Amino acid sequence: MEGSDGADKPVIRPVRVEVDETKNPVPDHLPWIERIREIVETSEAPFLDGLRRWLTVTWSPSNSDLLGVTRFELDPNELMRRKRMKAPSGPVQIELNPILVDDQALLEHTFVHELLHAAGLTTHNLRHSELTEALAPAPSLSDSPVLQRLRSAVIDGQHVQHWKCNHCNFTWERSTVARPKRCPNCARAQVVPYE
């Protein structure tokens, strides 16, 4: 969203994309648990052993604005206590958005991300990101039909749909989420929103 001074200000808002429910089976978590076990220390993932018993994986409702979500039945305080004690987490559910059926690489990346949360790596930090990338790298935008679809939805929802260079008066249609740094015509950094 653009502020009154014309500068882009980051605004995080969910993006909803119409998606049909799916009859496809959810991914099998057992092979992924074994792959996680191979590279993650037991102390980092105290709930990993209990996932065979306690984990349920389902598709989220088709109107969900999240690609994946992990839900524990326990409240956060009890969950942290069990994590410190290396006790089981109790029932945990992972929901995956049915839009992921169209993008195997993004499905695997999202699933591993959520499995790591379910295993006890509940914080989004560098270690969580490194493990997710090591197990199931995120696809590039050019290789991911779902990411392209989400980017289009974000761009369509932006107030500014065109940019103009104050130097050469060249105008062009918005094709990225971020504000352009330079004019594609003259390479000057005098870009402003154009309505």
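Two strands are said to pair if DSSP finds at least two bridges between them. With that criterion, the predicted model contains an open sheet of three strands, arranged in the order E5-E4-E6 with antiparallel pairing. Strand E5, covering residues 171–173, and strand E6, covering residues 191–194, form the edges, and each of them pairs on one side only. Averaged over the sheet and with direction ignored, neighbouring strands are turned by 30 degrees against each other.

Strands of a sheet pair through backbone hydrogen bonds, in either a parallel or an antiparallel manner. The pairing of strand E4 (residues 162–165) with E5 is of the antiparallel kind and extends over three bridges. Within this part of the sheet, tryptophan 163 stands opposite tryptophan 172, the latter belonging to E5.

The description now turns to a pair of helices. Helix H1 spans residues 29–39 and helix H5 spans residues 126–135; their axes come within 11 Å and cross at roughly 120 degrees. In handedness, the crossing in which H1 passes H5 is right-handed.

Which residues of H1 meet H5? From H1, Trp32, Arg35, Ile36 and Ile39 take part, and they meet Arg127, Leu131, Ala134 and Leu135 of H5. By residue class, this contact of H1 with H5 comprises six nonpolar residues, two charged residues and no polar ones.

Note on methods:
Residues numbered from 1 in each chain as written. Predicted model: local features only at pLDDT ≥ 70, side-chain atom pairs only at ≥ 80, totals over all residues. Heavy atoms only, no water. Helix = DSSP H or I, 4+ residues; strand = E, 2+ residues; numbered from the N terminus. Axes fitted to C-alpha atoms, helices over the stretch in contact; angles between N-to-C directions. Left-handed = near helix turned anticlockwise from the far one by under 90°. Contact = heavy atoms within 4.5 Å. Nonpolar A, V, L, I, M, F, W, Y, C, P; charged D, E, K, R; others polar.
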